[in-house]
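Let's take a walk through this structure together. Please have the sequence and the 3D view at hand as you read.

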Amino acid sequence: MADSDHAGDVPRLGTVVRFTPQAAGTGVRKLESGGFRVASSRDFRNAAAVPNNFGGADVQYFERFGIAIVRHDGARLAPLVEQAMRERVVTSVRPEVVYRALSEVRRSEAPVTSLAQFEETSVTWGLEVTKVALSTLSGAGIKVAVLDTGFDKDHQDFRGRSITRKLFASHSSEDDTQGHGTHCVGTACGPQRPTSGPRYGIAYEAAIYAGKVLGDDGNGTDRSVIAGMDWALDQGCQIISMSLGSAAEVGDQPNADFEQIGRVCLDGGSVVIAAAGNESSRPGNIAPVGSPANATTIMAVAALDRALAPASFSCGGINPGQDVDIAAPGVDVLSSLPGNRYGRKNGTSMATPHVSGVAALIAQSDVKFRGRALWEGLLELAGPLPHPARDVGKGLLLAPHQVVVASADRRWWQVFGFGRA
Amino acid sequence: MPDDTSDKVDVTIRIETAQAGRLDEIVRALVASGLDRVESHARFMIVNGCVSAGSLDALRKVKGVASVRKDETYRTQTP
């Protein structure tokens, strides 16, 4: 790679190194001892303007964030970073990227593969396969309603977050005694860097609206569910996530009430995303999508296993016009549980908040993605799967990319496995 | 949730969207026909309430009512 900071008019991009918070000073000293000239953002604190190249230094160090951008990433950087990661001085490295305003959502071009053997060292398999881990979007400025069994707002991973809770279920406590709601909120809106374990949350800067519409027994009725949806619209939520349902029979018609309610939500700029249901016993028996997901105005989400096949329990589009719209990870899903715990759950319940979280990322990317446009954006991004639309709809949920990766030199990431060529 | 009174059922009532201007009047008529624990969602044109099982048909006869159905139970979707 050339040593100049610009190749024609295209800025030459570097490598972003994030230090372990307690070891940032050590990390900088390692770079300096390796012959890199380091300029700190502190050096320019009182300057009228910060030069893009930090005065020609090899490394731009942002101490407030514990991040360094290495401009001259020749062969000498590789062994330094490799050792620093082993010593836990560095937590991550990635190529620097160029940001631009989005006029349309774009999906990752990285190939979709089975994650049967994927070890969840940094992210869950669900976030990996949906390319959430590659997205720079966070859900900031977006309100996500999760209508479920409640939410443990005191969970250690949600400190400092914008959280609004409301109880709609009758004869129930305000707590999430089931743990289901906390798990779903975790997937949709959990943190970028959890206290323990891999990243499991998608829209980590979205505002959380947790409506408890299912009681302490895990059940709710139309009264509580509809009241929760009305509240979510009152609050201005762009996404309403409902990992709940009632089984439908073959030949059933969609519930006309939810047809109407879903339409009002779309007209109001909100997408309702609901679990397709778990009544199947594949391969022998595929049960129809349940209510309210079978309403054409509510997005029905099927569950995939790690092989990216429909989960054995996942309902399908058996009844005419009551289709699965999209599929997302719903087996062996790790997320938060009440009491600062974590755990794994299965179900279209778990697939649904994956879609809701990604919806928040799309909604963040451009205000035009609201209501029906957001619905279309989700389906447009979906990746094809070798399974019938009856089972997976438009295919695999995929997260949008707001960035254009302009670095041509990907050797780093191939060598260390931090990304795909 | 079932009402404390065993012969009562929770219901969801859909109002014809063309009757939006008459919603309050329709709700009053529903109450007069036996509906209680009323919760009205104007933007959805949906009314939730509780009624004795024998009064369901009376609710259906109220002008502007599109449908009346007994509430369903919704559950978490984990197998």
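## The sheet and its helix

Strand 9 (residues 143-148) and strand 13 (residues 239-242) of chain A run parallel and are joined by three bridges. Within this pair, A:Ala145 stands opposite A:Ile240 of strand 13 of chain A. Helices (H or I, at least four residues) and strands (E, at least two) are DSSP runs, numbered from the N terminus, and two strands pair if DSSP finds at least two bridges between them.

A word on the source: this is a predicted model in which local features need pLDDT of at least 70 and side-chain atom pairs count only at pLDDT 80 or more, while totals for chains, interfaces and linings use all residues. Residues are numbered from 1 along each chain as its sequence is written, chains are lettered from A and ligands numbered from 1 in the order in which they are written, and side-chain values use heavy atoms, with hydrogens and water left out.

The two strands belong to an open sheet of seven strands in chain A, ordered 10-11-9-13-15-16-17 with parallel pairing. At its edges are strand 10 (163-167) and strand 17 (326-329) of chain A, each of which pairs on one side only. On average, neighbouring strands of this sheet are turned by 25° against each other, direction ignored. Helix 7 (residues 348-365) of chain A packs on the sheet and touches strand 9, strand 13, strand 15 (271-275), strand 16 (299-304) and strand 17 of chain A. The direction of helix 7 makes about 120° with that of strand 16 of chain A. Here axes are lines fitted to C-alpha atoms, for helices over the stretch in contact, and angles run from 0 to 180 degrees between N-to-C directions; contact means heavy atoms within 4.5 Å.

## Nonpolar cores

Which residues have the most contacts inside the largest nonpolar core? They are A:Ile239, A:Ile273, A:Val355 and A:Leu378, in a core of 50 residues. Such a core is a set of buried Ala, Val, Leu, Ile, Met, Phe, Trp, Tyr and Cys residues joined through side-chain atoms within 4.5 Å. Buried means under 20% relative accessible area, exposed over 50%, and partly exposed in between (1.4 Å probe, protein chains only). Among the elements that each supply at least two residues of this core are helix 4 (180-189), strand 11 (207-212) and helix 8 (372-381) of chain A. Helix 7 of chain A gives the most, with nine residues.

Leaving aside residues up to four places away in sequence, A:Leu378 touches A:Ile273, A:Met299, A:Ile326, A:Val355, A:Val358, A:Ala359, A:Ile362 and A:Leu397. A second, separate core of 45 residues includes A:Trp125, A:Cys237, A:Ile261 and A:Val392.

## An enclosed helix

Helix 5 (residues 222-234) of chain A has 13 residues that should span 18 Å at 1.5 Å a residue, and its end C-alpha atoms are 18 Å apart, which agrees. The expected span is 1.5 Å times one less than the number of residues. Of the 13 residues of helix 5 of chain A, 12 are buried, so the helix is largely enclosed by the rest of the structure. Among the buried ones are A:Asp222, A:Arg223, A:Asp230 and A:Trp231. After helix 5 of chain A comes A:Gly236, with a positive phi near 85°.

## Backbone details

Most residues other than glycine have a negative phi, and most peptide bonds are trans. The table gathers the exceptions to look at.

| Site | Feature | Value |
|---|---|---|
| A:Arg282 to A:Pro283 | cis peptide bond | omega near 5° |
| A:Ser291 to A:Pro292 | cis peptide bond | omega about 10° |
| A:Leu308 | positive phi | about 65° |
| B:Arg37 | positive phi | about 50° |

A:Pro283 is found in the loop between strand 15 and strand 16 of chain A, and A:Pro292 lies in the loop between strand 15 and strand 16 of chain A. A:Leu308 lies in the loop between strand 16 and strand 17 of chain A and is buried, with a relative accessible area of 6%. B:Arg37 is found in strand 2 (residues 36-41) of chain B and is partly exposed, at 35% relative accessible area.

## Cysteines
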